[in-house]
Amino acid sequence: HFRQYQPFIPLAIEQFDLSAYDLIISSHHAVAKGVVTRADQMHISYVHTPIRYGWDLQHQYLRSIDRPDGRWTTRSLLTRIILHYLRLWDVATANRVDFFLANSQYVARRIWKTYRRPAQVLYPPVVVDRFTPQSQRDDFYFVLSRLVPYKRVDSIVSAFSQLGVPLIVVGDGPEQSRIEQLAGPNITLLPPQPEDVIADYMTRCKAFVYAAEEDFGIAPVEAQAAGAPVIAYGKGGVLETVIPGKTGILFKHQTAEDVVQAVQTFESG
């Protein structure tokens, strides 16, 4: 139930006593950069994204808790108030950081947009040596993802239900029941699996499908290391890792129709 404590997490992060250290490195996607430091301490913040639900994905997140007709509920009103003050706190605490690192050029641009601070790009480490690429591929597509709204697994599952092509989806999350309702008989939904099972799917799948606007996207990099072509939404970190026409195909919109067209293009190629 950690999401229910979100209004208190900025206060909590400020309670850490880091006075004994000369160097503080924070790994940040929400509040870690808000730690309190002295003027003689160096604070380097590795930012994976400015707070998604407070900035870029705010309206998508709010739509999930508003009424179907768009009217606000008491919960959504309180959430809007909390997000307003969270944004103020987020921008103010950017001044506590001496040096920003970003996990992609895409995130570096978002850091500049949000905090007006430059960031050096340091791509995250990806363990690729556990994959052995195979030229012979099996006849199924593969998705590895948390089942949360912004990952848009619903678009992929809807597309493959129309196509009737075998698809294996590994992951869980709050969207699970909705994904199950969308899934046709050709789609296999599995809970999180051990790393060796994931590696096996990656090395055998016909292609890896990815519909999220991701900050960097480790899974598409793993798929390419395993020799799997990537069919992905053409925005975000994948633009820095997937080479269209060589290691994958990019589609323009996060819709089932675009996924269907991309898969058909891949099949015909």
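Me: If contact means heavy atoms within 4.5 Å, what do the buried residues of H3 pack against?

Reply: They pack against helix H1 (9–13), E1, H2 and helix H4 (105–115). The helices (H or I, at least four residues) and strands (E, at least two) are DSSP runs, numbered from the N terminus. This is a predicted model, where local features need pLDDT of at least 70, side-chain atom pairs count only at pLDDT 80 or more, and totals for chains, interfaces and linings use all residues. Residues are numbered from 1 along each chain as its sequence is written, and side-chain values use heavy atoms, with hydrogens and water left out.

Me: OK, which residues of H3 are the buried ones?

Reply: Taking buried as under 20% relative accessible area, exposed as over 50% and partly exposed as in between (1.4 Å probe, protein chains only), the buried residues of H3 are Ser76, Thr79, Arg80, Leu83, Leu86, Arg87, Trp89, Asp90 and Thr93.

Me: And the largest pocket, how many residues line it, and which lie nearest its centre?

Reply: There are 46 residues in the lining, and those nearest the centre are Arg3, Tyr53, Arg146, Val148 and Tyr150. On a 1 Å grid over the protein atoms alone, a pocket is an open set of points with protein on both sides within 12 Å along at least five of seven lines, a cavity is a set where a 1.4 Å probe fits but cannot get out, and lining residues have an atom within 4 Å of a point.

Me: Which elements supply that lining?

Reply: At least two residues of the lining of the largest pocket come from each of strand E1 (23–28), helix H2 (58–63), helix H3 (74–93) and helix H8 (218–225). H3 contributes the largest share, five residues.

Me: Switching to the largest cavity, what lines that one?

Reply: Its lining consists of Val143, Leu144, Ser145, Lys151, Val153, Ile156, Phe208, Val209, Tyr210, Ala211 and Ala212. Strand E5 (141–144), helix H5 (153–163) and strand E8 (207–210) each supply at least two residues of this lining, and E8 gives the most, with three.

Me: Then which way do the side chains of E8 point, and are they buried or exposed?

Reply: Ala207 and Val209 point one way from E8, whereas Phe208 and Tyr210 point the other way, and all of these residues are buried.

Me: In what sense do E5 and E8 pair?

Reply: They pair in the parallel sense over two bridges, where two strands pair if DSSP finds at least two bridges between them. Within that pair, Tyr141 stands opposite Ala207 in E8. On the E9 side, three bridges join E8 to strand E9 (residues 230–233), and those two strands also run parallel; there, Val209 has Ile231 in E9 as its bridge partner.

Me: New topic: where is Val35, and what does it touch?

Reply: Val35 is in the loop between E1 and strand E2 (42–47), and with 6% relative accessibility it counts as buried. Leaving out residues up to four places away in sequence, Val35 touches Ile13, Leu18, Ile24, His43 and Arg96. Of these, Leu18 is 17 residues from Val35 in sequence and 8.2 Å from it in space, C-alpha to C-alpha.

Me: Is Asn103 buried or exposed?

Reply: Asn103 counts as buried because its relative accessibility is 5%; it is found in the loop between strand E3 (99–102) and H4. Not counting residues up to four places away in sequence, Asn103 touches Tyr46, Val47, His48, Val121, Leu122, Tyr123, Pro124, Asp215 and Phe216. Gly237 is 134 residues from Asn103 in sequence, and their C-alpha atoms are 8.8 Å apart.

Me: Last one, where is Gln264, and how far is its C-alpha from that of Arg137?

Reply: Gln264 is in helix H9 (residues 256–268), and its relative accessibility of 45% makes it partly exposed. The C-alpha atoms of Gln264 and Arg137 are separated by 17 Å, and the two residues are 127 residues apart along the chain.

Conventions: Contact = heavy atoms within 4.5 Å.
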